[in-house]
Amino acid sequence: MSIVKLENLKDDVISWKYNCKPTKRIFIPKANRKLRLLGIPSIIDKILQVAIKLIIEPECERIFHKNSFGFRPKKSVYHALLKVNSIMDITWIIKEDIKGYFDNIDYKIMAKIVQE
């Protein structure tokens with residue numbers, strides 16, 4: 001990546017002229033012979049994403065609650081589990097990934113549960 005291209009990117013972003021490029025979409029075969037869609041941003045878009053993350057992440061970290069663990073630097077699901085364990089003195093926690101959970105959930109039942 002040339003300095004000229006990076007300077008042009010900076011100028012376009014500052015002047016609100018920058019438009020992201022279409023994401024390249026490819027299908028990757030899975031073990032069960034199905035295909036998984038993968039989106040690949042352009043190099044310039046990826047550089048911009050990282051730059052924005054570096055700028056806004058410190059401010060977000062300053063205002064996020066200390067017990068918020070999702071998609072945070074140096075925090076993971078295991079940190080959340082340790083916190084729950086320290087509060088509730090739980091001996092066992094089972095982590096499970098339900099295949100196709102959001103594809104198969106009955107949203108009417110979920111809405112009723114939330115309402116109650």
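Is Lys74 buried or exposed? Lys74 is exposed, as its relative accessible area is 83%. For the cut-offs, buried means under 20% relative accessible area, exposed means over 50%, and partly exposed is in between, with a 1.4 Å probe and protein chains only.

Before we go on, some housekeeping. This is a predicted model, where local features need pLDDT of at least 70 and side-chain atom pairs count only at pLDDT 80 or more, while totals for chains, interfaces and linings use all residues. Residues are numbered from 1 along each chain as its sequence is written, and side-chain values use heavy atoms, with hydrogens and water left out.

**Two loop residues with a positive phi**

Back to Lys74, which sits in the loop between H2 and H3. Names like these come from DSSP runs numbered from the N terminus: helices are H or I runs of at least four residues, and strands are E runs of at least two. Lys74 isn't a glycine, yet its phi is positive, about 60 degrees. Here's the background: most residues other than glycine have a negative phi. Arg33 is also a residue other than glycine with a positive phi, near 70 degrees. You'll find Arg33 in the loop between strand E1 (24–29) and strand E2 (35–40). With a relative accessible area of 80%, Arg33 is exposed.

**A buried arginine**

Now look at Arg72, in the loop between helix H2 (43–63) and helix H3 (77–88). Arg72 counts as buried because its relative accessibility is 7%. What does its side chain reach at 2.5 Å? That would be the backbone oxygen of Ser68. The side chains of Arg72 and Glu61 are also joined by a polar contact of 2.7 Å. A polar contact here is a pair of N or O atoms within 3.5 Å; within protein, one must be able to donate a hydrogen and the other to accept it, and residues adjacent in sequence count only if both atoms are side-chain atoms. Leaving out residues up to four places away in sequence, Arg72 touches Glu61, Phe64 and His65, where contact means heavy atoms within 4.5 Å.

**How H1 meets H2**

Two packed helices are described by the angle between their axes and the distance between the axes. For helix H1 (residues 3–14) and H2, the angle is about 65 degrees and the axes are 11 Å apart. Those axes are lines fitted to C-alpha atoms, for helices over the stretch in contact, and the angles run from 0 to 180 degrees between N-to-C directions. Who does the touching? On the H1 side there are Leu6, Leu9 and Val13, and they meet Ile44, Ile47 and Leu48 in H2. Sorted by class, this contact has 6 nonpolar residues, with no polar and no charged ones.

Tyr18 lies in the loop between H1 and E1, and at 16% relative accessibility it counts as buried. Apart from neighbours within four places in sequence, Tyr18 is in contact with Leu9, Asp12, Val13, Ile44, Asp45 and Leu48. Tyr18 and Asp45 are 27 residues apart along the chain, and their C-alpha atoms are separated by 9.9 Å.

**Cysteines and prolines**

How many disulfides does a search of the whole structure find? The search finds 0, a disulfide being a pair of cysteine sulfur atoms within 2.5 Å. Cys20 is in no disulfide, and the nearest cysteine sulfur, that of Cys60, is 18 Å away. That is too far for a bond.

| Residue | Relative accessibility | Class |
|---|---|---|
| Cys20 | 57% | exposed |
| Cys60 | 25% | partly exposed |
| Pro29 | 61% | exposed |
| Pro41 | 28% | partly exposed |

Pro29 lies in strand E1. Pro41, by contrast, is found in the loop between E2 and H2. With residues up to four places away in sequence left out, Pro41 touches Thr23, Lys46 and Gln49.

**An open helix**

Last stop: helix H5 (residues 107–115). The number of buried residues among its 9 is 0, so H5 lies largely in the open. Asp106 caps the N-terminal end of H5, with a side-chain oxygen 3.0 Å from the backbone nitrogen of Lys108.

Note on methods:
Ala, Val, Leu, Ile, Met, Phe, Trp, Tyr, Cys and Pro count as nonpolar, Asp, Glu, Lys and Arg as charged, and the others, Gly among them, as polar.
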